[in-house]
Amino acid sequence: MVVHTRIRPFNTKETYPEQKLNNDLSQGVVAKGTMVFLRGQVAQDLDTRESLYVGDAGKQTEKAMQNIKMLLEEAGSDMSHICRIVVYVTDIRYREAVYLEMGKWLAGVFPCSTGLVVPALARPEWVVEIEVTAVIPDAA
């Protein structure tokens with residue numbers, strides 16, 4: 001019996017070929033049919049795995065939010081059903097650009113939010129990563 005739906009499963013040996021990793025992960029998980037947990041999203045094309053907008057925190061945030069929107073829709077949810085967001089930046093000076101862009105995508109949503117400054121992300125060109133938990137609303 002399948003309890004959870006995995007959205008875009010992948011293996012890290014394909015995503016990080018320069019590293020000797022072998023982890024089975026998903027871009028998102030729909031748990032028990034009602035909750036959606038998204039992997040931290042970065043400025044990466046999910047189809048080609050290409051990193052985008054090196055050095056531009058605002059544009060990296062825009063791409064991460066585009067990925068979040070797409071993945072939530074694939075799961076049967078949307079941006080208005082985000083409950084929790086965790087934002088990781090590699091430099092406190094990126095915070096303003098990141099939050100200004102995120103604000104465009106989350107206007108009127110009011111999720112719980114946590115922001116962290118971390119020394120690095122999985123790739124050196126990434127300066128922001130955004131993790132989301134959302135719900136799939138009950139059918140009307």
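Mentor: A crossing is left-handed if the near helix is turned anticlockwise from the far one by less than a right angle, and right-handed if clockwise. Helices (H or I, at least four residues) and strands (E, at least two) are DSSP runs, numbered from the N terminus.

Trainee: Which hand is the crossing of helix 2 and helix 3?

Mentor: Helix 2 and helix 3 cross in the right-handed sense. This is a predicted model: local features need pLDDT of at least 70, side-chain atom pairs count only at pLDDT 80 or more, and totals for chains, interfaces and linings use all residues. Residues are numbered from 1 along each chain as its sequence is written, and side-chain values use heavy atoms, with hydrogens and water left out.

Trainee: At what angle do the axes of helix 2 and helix 3 cross?

Mentor: Roughly 30 degrees, and the axes of helix 2 (residues 57-75) and helix 3 (residues 95-106) come within 8 Å. Axes are lines fitted to C-alpha atoms, for helices over the stretch in contact, and angles run from 0 to 180 degrees between N-to-C directions. The two helices are therefore roughly parallel to each other (angles under 35 degrees).

Trainee: Which residues of helix 2 and helix 3 meet?

Mentor: Among them are Met 65 and Lys 69 in helix 2, and Met 102 and Trp 105 in helix 3.

Trainee: New topic. How many helices and strands are in the protein chain?

Mentor: The protein chain has three helices and six strands, in the order β-α-β-β-α-β-α-β-β from the N terminus on.

Trainee: What share of the residues counts as buried?

Mentor: 43% of the 140 residues, where buried means under 20% relative accessible area with a 1.4 Å probe, protein chains only.

Definitions and conventions. Parallel < 35°, antiparallel > 145°, perpendicular 65-115°, else oblique. Contact = heavy atoms within 4.5 Å. Buried < 20%, exposed > 50% of the residue type's maximum accessible area, 1.4 Å probe, protein only.
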